[in-house]
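My notes follow the order in which I looked.

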Number of protein chains: 2
Amino acid sequence: MTSAAGVRVEIQPVGCRVQCARGTTLLEAAIAAGHQITAVCGGKGLCGHCLVRVIKGTLAEPSLAERDRLTPRQLAEGFRLACAAQVLGDCTVDVPATSRPTSQRLQIAGDTHQVPFQPAVTEHLVIVQPPTVRDPRSDLTLLCDALDHGDATSADHSVLMRLPGLLSRENRTLRASLRGLEIIDVRPISQQPLGLAVDIGTTKIAAYLVDMETGATLAADGVTNPQIAYGEDVMSRIAFTMRDDTRRLSTVLLDGINELVGRLCPNPARIVDAVVVGNTAMHHLFLGLPVRQLGLAPYNAVVSEPVDVKARDLGLRLAAGAYVHLLPNVAGFIGADHVAMILATGLDRTAETVIGLDIGTNTEVVLARHGRLLSCSTASGPAFEGGHIEHGMRAVDGAIEKVNIEGDNVKFETVNAAPPIGICGSGVLDAVAALRRAGLVNRRGRLLPHVRVRETRDGREFVLVRPEDAEGRALTLSEKDIAEILLAKAAIRTGIDALLREAGTSVEELDRIVIAGAFGTHIDVASAIDIGMLPGLPLSRVEQVGNAAGVGARQALVSAPQRERAVAVARQIQYLELMVQPDFAARFAQAMYLP
Amino acid sequence: MTSAAGVRVEIQPVGCRVQCARGTTLLEAAIAAGHQITAVCGGKGLCGHCLVRVIKGTLAEPSLAERDRLTPRQLAEGFRLACAAQVLGDCTVDVPATSRPTSQRLQIAGDTHQVPFQPAVTEHLVIVQPPTVRDPRSDLTLLCDALDHGDATSADHSVLMRLPGLLSRENRTLRASLRGLEIIDVRPISQQPLGLAVDIGTTKIAAYLVDMETGATLAADGVTNPQIAYGEDVMSRIAFTMRDDTRRLSTVLLDGINELVGRLCPNPARIVDAVVVGNTAMHHLFLGLPVRQLGLAPYNAVVSEPVDVKARDLGLRLAAGAYVHLLPNVAGFIGADHVAMILATGLDRTAETVIGLDIGTNTEVVLARHGRLLSCSTASGPAFEGGHIEHGMRAVDGAIEKVNIEGDNVKFETVNAAPPIGICGSGVLDAVAALRRAGLVNRRGRLLPHVRVRETRDGREFVLVRPEDAEGRALTLSEKDIAEILLAKAAIRTGIDALLREAGTSVEELDRIVIAGAFGTHIDVASAIDIGMLPGLPLSRVEQVGNAAGVGARQALVSAPQRERAVAVARQIQYLELMVQPDFAARFAQAMYLP
């Protein structure tokens, strides 16, 4: 719908939007929205670095420069050069990671709880004796004898194919990687072994490269989950697989991970082991499994057991014989990432009563009490990632992340102190809490009269940033935006309360709250308590632990016993399906009110 | 080299040769040689059924009919239509199995020594409970619960991919195939499980289809090993891989086996387990392993341990999660087929002193004595398969297989009593024995004067069939042919004697001789003893057991304990390298004499 004022361009995966005139190029629109796109040649259509993909909307036909630089297949898939493509109507475009000068702020660090280094894949330097005419033992027998590891008698097919050539080229001095009784890789001694831990989020993928001789993390990096072009949340991607097929989403995910691995490590053939976690849908799509049933009651998974699969069977390019290990799932909406979070935070071993949260589009909540683990999943929606919020955006430069209201004035902070261009999830949450503290919003989320509150066709909105402070474009928070946040906070709080009630306890007996995940790290805990999303514990008893799922994945990578522990954790978790709780709807409605 | 009398055409894989005029078509030449080629359209270039491949030689340019029926790639690879291609010079052509109206006589039966049915892959019919909202167990968990097989918790990746769809289409009633703790296949209940046993010979491939619910053999079939186009014997194929690469020989072998499997069974996805045996070179080429080192001292194998590999990793089209099991090798020239032969004949368990032989281009010999197995390999050459013999051919219709000389007359028998067109291996051996009995050959293999002995440029030759009895073409046995047979018999006898000497025993203490393999089944044992190839035992103590390697492969297919036994057999075998025996050359030269 093109308005008289021009057309609206939405830039993915950040999610920011901008109004501009018909005929504007996508590059100009992105710059206007405060979003950077690589344009080495200065926008002359020469370098091809500003590749973007049109998801929907109307643009002018590709220019000569574009027909010159892009393949017919790229054009058919909607790829354009941002510097040349002119917008004619409202549109949404995706800017691939390769066309962005800087990464998004991704939560890839996370606290590391050390576990002893006891990897599932062990490394051996060997000198293999030559065969003789009187004792012509096979190459594999000679290798096993050199390993002095009586049990290793089998080898991956790829090892057998490469062994004779390597023995001859490397003068019979090799590295061998063993997994249980199987030799999964042989390499020249110069190629030290590496490991890979991956946390596949619905929005972001975080990957860690680990030294498999010491267990040290060597590098970490993240990318936007490329599936985002096929749906923002899990449910819309499941719906996509029902219209199209599962393969497309699996392929783009694997391509994205292969690209990420390539950035972390110039020679992925050195990666001899990998651990992957994700929610159940991401876990299934990574394995190429159908996800249809995750979208239909009773939402059961195809597999909840831990999975070991050769990386080559998935198309993941690691060492030819390497396995990928996936931690167990619990249910359709309690995935391996939740198990990994519990591994990392030790909630399976605590004597306290603790609530653990991993906040995202779906928020998983766990209650640890008296050796019991009780978990549920709540549909908290995309509001915390800037979705469904008029000026919402992800936490990139220029996103408002903190808000305070003092009389007629609004004080705010943006990511990296850049000029404000939108509001990220923690900013929206903070703004609602600030409005409540200032008495400018009632319990149902309606704005009260104020110098910064103005009427629109759809209700009232609060002007956070006046046009004169944001390059002529007011940044506002509408009653509809507030309702989105109240939905999200109600979902989370309903889950917390349901777990406490099921365990026969209450907020009063709660010792601690542990918040994991990217969003959880950035929220203002006091604001979250203010609006009733979290129970009112003293701030000293709330911990923000970062990407705990990524830490758990790394623990399982460097420690085989941690994989056993993950199985025990998954068995220990009792899954609570909120939908079948008595009075669920009434309790949810009640939680929609501000305290 | 085109002689004045015309050109010479050699027809592979049978190996028969014929003289014909320039301009003759390959189809006419083949018919003249007594070799049938399918020509449905009667030789009009219409049906395309008479496809042959020119290995070497000069032919006229492809006709219009050929350009019409054949792809440019087929033409580039030397394929022609036999009915249209005219010979201009001496040439050798290969007639693929698909262009032959009848199969060659292949030794695919073999005595079956029953073993109890205890397969490595077990079959289960299950009804899988549906998940519920209160107990949303995963599909795999529900399947494992239905199996009531506490240990099965892992499943092949392909099983996970197909499980949800099958559960829904088959109304939750399935077959599952388990191998140890792994679910390797799920299928509709209408698809009973099958097994495959394959014996890959240098010349022939024999395959058996087995009912994996009872162990019964359902079908057997054989094809010529398609690698024959790249070299007649193991050494020439190894040499080919040094010039070209291993992949070509592996690919044609796998293609050939896939084609054979397709003939045995319309739905190979039902084949849930396979056992493959072959000599070490065939074993390696089947696995795609390099064979270079099998051609160079000390001739050690890449792998001698038993190998379990997913069929999909090799390109063998069975059930998606099925494994192929390869029995262990012993050394570069003592392969898994030798181990299988010992399984089938029980030589590892005999209390007697027994010599076992599997006669082929390489002949493997084993001596069982006092619980010891002592094996060697001898290069007996292609003479027994008709190779290097002027009128030699394989054992197809019209091949002379028995010879007796009475005065001036020669009595002979041909395969299927067809008109004589050449001599197969057992016929040549029989002819030499007959010449010896008739006093027409001296100890060194020289022919003595006789009405049927005539002089040629290269020495003397004996006329077995006069031109008037063989469509104008004399069938002869030359002194050079006799020398080939003496070489072969010397190789085998030297091996037998070396084993007896190494074990500190002699022919006098020998209880039995067991002869396996296609050639071994057809030879006249008395003739083999007459010429000194075999020690002079009473005929009642010599057994001809057929394709014992194929029987051993089937035993290992239907019985996991037999796979264990094969490992024990391979360990028990002591390999004797003849080349390093003292006086080997002198003993070999001595064995060249006729007794």
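The entries below begin with the confidence of the model and then turn to chain A and chain B.

**Entry 1: confidence**

I noted at the outset that this is a predicted model. For the complex, the predictor gives an ipTM of 0.80 and a pTM of 0.81. I then looked up chain A, where the pLDDT averages 89 and 93% of the residues score at least 70. In residues 101-112 of chain A, however, the pLDDT is below 50, although this stretch has 45 contacts in the model beyond near neighbours in sequence. Where pLDDT is low, the predicted coordinates should not be read in detail.

**Entry 2**

I asked in what order the six strands of the open sheet in chain A are arranged. I read the order as β12-β11-β10-β13-β15-β14 (chain A), with mixed pairing. The edge strands are β12 (217-224) and β14 (307-310) of chain A, each of which pairs on one side only. From one strand to the next, the twist averages 20 degrees.

Helix α7 of chain A, residues 246-264, lies across β10 (194-200), β11 (204-211), β12 and β13 (271-278) of chain A, and it runs at about 145 degrees to β12(A). Helix α15 of chain A, residues 548-558, packs on the sheet as well, touching β10, β11, β12 and β13 of chain A. The direction of α15(A) makes about 150 degrees with that of β10(A).

**Entry 3: strand β17 in chain B**

Is β17(B) mostly covered or mostly open? I found that seven of the seven residues in this strand, 363-369, are buried. Thr363(B), Val365(B), Leu367(B) and Arg369(B) point one way from the strand, whereas Glu364(B), Val366(B) and Ala368(B) point the other way.

I then recorded the partners of β17(B). Strand β16(B), residues 354-358, pairs with β17(B) in the antiparallel sense over five bridges, and Asp358(B) has Glu364(B) as its bridge partner. These two strands form a hairpin with four residues between them. Strand β18(B), residues 372-378, also pairs with β17(B) in the antiparallel sense, over seven bridges. Here the bridge partner of Val366(B) is Ser375(B). The hairpin of β17(B) and β18(B) has two residues between the strands, and His370(B) in the turn has a positive phi of about 55 degrees.

**Entry 4: another hairpin in chain B**

I looked up β22(B), residues 453-456, and β23(B), residues 459-465, which pair in the antiparallel sense over four bridges. Glu455(B) has Arg460(B) in β23(B) as its bridge partner. The two strands form a hairpin with two residues between them.

**Entry 5: Asp481 in chain B**

I located Asp481(B) in helix α12(B), residues 479-502. Which side chain of opposite charge is nearest to Asp481(B)? I found Lys480(B), at 5.2 Å. A salt bridge requires a separation within 4 Å, so Asp481(B), which is buried, has no salt bridge. Leaving aside neighbours within four places in sequence, Asp481(B) is in contact with His388(B), Ile389(B), Glu390(B) and Thr476(B).

How values were computed. Residues are numbered from 1 along each chain as its sequence is written. Chains are lettered from A and ligands numbered from 1 in the order in which they are written. This is a predicted model: local features need pLDDT of at least 70, side-chain atom pairs count only at pLDDT 80 or more; totals for chains, interfaces and linings use all residues. Side-chain values use heavy atoms; hydrogens and water are left out. Buried means under 20% relative accessible area, exposed over 50%, partly exposed in between (1.4 Å probe, protein chains only). Two strands pair if DSSP finds at least two bridges between them. Lys and Arg count as positive and Asp and Glu as negative; His and the chain ends are not counted. Contact means heavy atoms within 4.5 Å. Axes are lines fitted to C-alpha atoms, for helices over the stretch in contact, and angles run from 0 to 180 degrees between N-to-C directions. pLDDT is the predictor's confidence in each residue, from 0 to 100.
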